[in-house]
Amino acid sequence: MVNHPIIDDHEARLSPEDLAALRDSLREQRLFREEQLRQIATVPAHAEEAHRRRSAAQTEVRVELAASARMVLADVEAALDRMARGRYGFCHLCRRPVDRARLLIVPQARYCARCQQVREAGR
C-alpha cells in the first residue's frame, strides 16, 4: 500500500468550472492530435517522389511522431470517457483524488503524482 501525505480535500476537489475547463482542454487536445495524425498520414501528390526518397531516419521520426500522437489521443479519449462516466480525477492505482493542480497541467492524467513516480521508477 502506498503512503500518501494528508491531502487537503479542498485543494484536490474539482469544481464544476474546473471540470468544464478541463473538458474543453481535452477536446482541444483531441482535435489537435487528430489533425496532427491527418497531417502525418497525408503526403501531397507533388511531394510523393520526395517522400519515397526520404531517408530511413526521417521515416522513423514520422512513425514515432504518429505513435506518440496516437498514444496521447488514446489518453485524451480515455479521460473524456472517465469524465462522462463520473470517474474522472481519481488515481487508477490508489483511487485517491488526483491533485487539481496536476490535472490542470496534465488533464489526461490517470495517476496521482506519487503513483506516477512509482510507475516510472518501475520501468
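In what order do the elements of the protein run from the N terminus on? They go α-α-α-α-α-α, and this is a predicted model, so keep that in mind for every view below.

View 1. The protein has 6 helices and 0 strands. Out of its 123 residues, 26% count as buried. Take the contacts with a separation of 6 or more: 63% of them join residues 24 or more positions apart.

**View 2. Helix α2 up close.** This helix covers residues 16–41. With its 26 residues, α2 reaches 37 Å from first C-alpha to last, close to the 38 Å expected at 1.5 Å a residue. Which residues of α2 are buried? They are D18, L22, L26, R33, Q36, L37 and I40. Look for α4 and α5 (100–105) among what covers them.

**View 3. Helix α4 from end to end.** Here we're at residues 56–84. At 1.5 Å a residue, the 29 residues of α4 should span 42 Å, and its end C-alpha atoms do sit 42 Å apart, so the two values agree. The buried set in α4 is A66, A69, V72, L73, V76, A78, A79, L80, R82 and M83. Spacing is worth a glance: an α-helix has 3.6 residues a turn, so residues three or four places apart point the same way. Past the helix comes G86, with a positive phi near 75°.

**View 4. Where α2 meets α4.** The axes of these two helices come within 9 Å and cross at roughly 150°. Angles over 145 degrees count as roughly antiparallel, and α2 and α4 are therefore roughly antiparallel to each other. The crossing of α2 past α4 is left-handed. Sorted by class, their contact holds 15 nonpolar, 3 polar and 8 charged residues. What do the buried residues of α4 pack against? Their packing partner is α2, and α4 in turn is part of what covers the buried residues of α2.

View 5. Is Q116 buried or exposed? Buried means under 20% relative accessible area, so Q116, at 18% relative accessibility, counts as buried. Leaving aside residues up to four places away in sequence, Q116 touches R102 and Y111.

Key:
Residues numbered from 1 in each chain as written. Predicted model: local features only at pLDDT ≥ 70, side-chain atom pairs only at ≥ 80, totals over all residues. Heavy atoms only, no water. Axes fitted to C-alpha atoms, helices over the stretch in contact; angles between N-to-C directions. Helix = DSSP H or I, 4+ residues; strand = E, 2+ residues; numbered from the N terminus. Parallel < 35°, antiparallel > 145°, perpendicular 65-115°, else oblique. Left-handed = near helix turned anticlockwise from the far one by under 90°. Nonpolar A, V, L, I, M, F, W, Y, C, P; charged D, E, K, R; others polar. Expected span 1.5 Å × (residues − 1). Buried < 20%, exposed > 50% of the residue type's maximum accessible area, 1.4 Å probe, protein only. Contact = heavy atoms within 4.5 Å.
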